[in-house]
Amino acid sequence: MMLTDLAAACRKSGLKVVEADGWRSRGHDQFNSIETIVCHHTAGPKGGGNYPSYNTVLYGRPGLSGPLAQLGLGRDGTVYVFAAGVAWHAGTVKSSSYDNWHAIGIEAEHDGVSPWPKKQVEAYARLCAALAEHYNVKQTHVLGHKEVCSPPGRKIDPNFSMPAFRKKVWHFRKNPKSGGVKVRKPKYWRKHYPPKGTFVVGNRSSASTWLGRRLVKQGYGRFYKVGPGPNYSKTDQRALVAFKRKHRFGKNGAMTRATWKALNRKAGHARPPRFWAKVVPPKGTFWVGNEHTAVTMLGRRLHVHGHKRATLGPKYTKDTQAALVAFKRKHKLGKGAKMTPKVWRHLNRKPKKSKPKHRRTPTLDKALKYVRSGLRYARKAKLDRRSKELAEINKHLTRVRGQVRKGKIR
Ligand SMILES: [Zn+2]
């Protein structure tokens, strides 16, 4: 393989990166895999600019053709990218995992005698941290040429303490606030949308760890035989597709902002309740004990339709079920609590205004009072049946009865 993403990996360090023309296709061979980062120094002249070894590392020297390393590091911390393929930098080594087909070589400009500029050493550590993070290189495999060469003592570069240097690398790997490599804690992604290219199988990011954790929380743990990790895998992808399907975010494995937001909502709350006003919830939503925003919507709609027994909130309860059964019965939508698209549409319609219950109206009260007082008067006065007053009272009584019959008053 060729490390065509090498410049991008270097840029993750935050350092200035200069790409030599044609670096993407340059190399003596293809890499087998990346196991190690080997640090060198050029042992070049003391002065002569920021990276006087440029041409040597790129084109080689008599007896050894270039590239002599994939990367160079200037005195001011500038990174030079020379090759995406194998370079002759390691020579004979103790283990094949350190050799030119498994190791990225960095040649830092230094004479091997004078003290190292602080800026350059810091940049060196940042660069190694970014590369180790990007290519998933073990911390113990950030090594100096003097540590990997065979026989031991064949090389002396770099002439600084490698254990102390590895500590610095570790610091930049694990401490994002140092301004070095952006190593995020998975939790960071709860509130941030990961950049493009994060969720590509094989890519590594703490966002993938977070994604996996959220998918497990959302009930997709069955997909994971091994716990979620920073390497985005096909397992992550399968779980994501299942989540998207269930919550109607589409059928492919592409990440979208809406999906990300939904993933970060409480389990079972992938969609806001109002979303379900126009969409029939998926099968398995309406089970007693299940939590779903569609259940919140159901409860609200049942209340609107006057079935106030339904529980409000995301949990599907027996009361909600009973209210649903009652609703279906009332609207002749069948017996039982089964949810069908038709029932769902009915629920989301405006309820028909039911006939208002007859209440005693002031008119009725007045009329009754009038009639009663008339009758009382008639009784008191022992009116003759044919008397004018009684006729008048009866007329009122008839009118009231008529209005009651017509439903105007009751
Ligand atoms: Zn070396």
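**Note on the α3/α5 helix pair and the overall chain**

1. The crossing of α3 and α5 is right-handed. The model is predicted, and the points below should be read on that basis.

2. Geometry of the pair. Helix α3 covers residues 118-134, and helix α5 covers residues 162-174. Their axes come within 8 Å of each other. The crossing angle is roughly 60 degrees.

3. Residues at the contact. From α3, the contributors are A125, R126, C128, A129, A132 and E133. From α5, they are F165, K168, V169, F172 and R173. By class, this contact has seven nonpolar and four charged residues, with no polar ones.

4. Secondary structure. The protein chain holds 13 helices. It also has eight strands. Helices α3 and α5 are the pair treated here.

5. Overall dimensions. The radius of gyration of the protein chain is 40 Å. A compact globule of 410 residues would come out near 22 Å. Along the principal axes, the C-alpha trace spans about 145 × 40 × 35 Å.

6. Of the 410 residues in the protein chain, 35% are buried. Among contacts with a separation of 6 or more, 59% join residues 24 or more positions apart.

Notes:
Residues numbered from 1 in each chain as written. Predicted model: local features only at pLDDT ≥ 70, side-chain atom pairs only at ≥ 80, totals over all residues. Axes fitted to C-alpha atoms, helices over the stretch in contact; angles between N-to-C directions. Helix = DSSP H or I, 4+ residues; strand = E, 2+ residues; numbered from the N terminus. Left-handed = near helix turned anticlockwise from the far one by under 90°. Contact = placed C-beta atoms within 7 Å. Nonpolar A, V, L, I, M, F, W, Y, C, P; charged D, E, K, R; others polar. Rg over C-alpha atoms; globule rule 2.2 N^0.38 Å. Buried ≥ 20, exposed ≤ 12 C-beta atoms within 10 Å, placed from the backbone.
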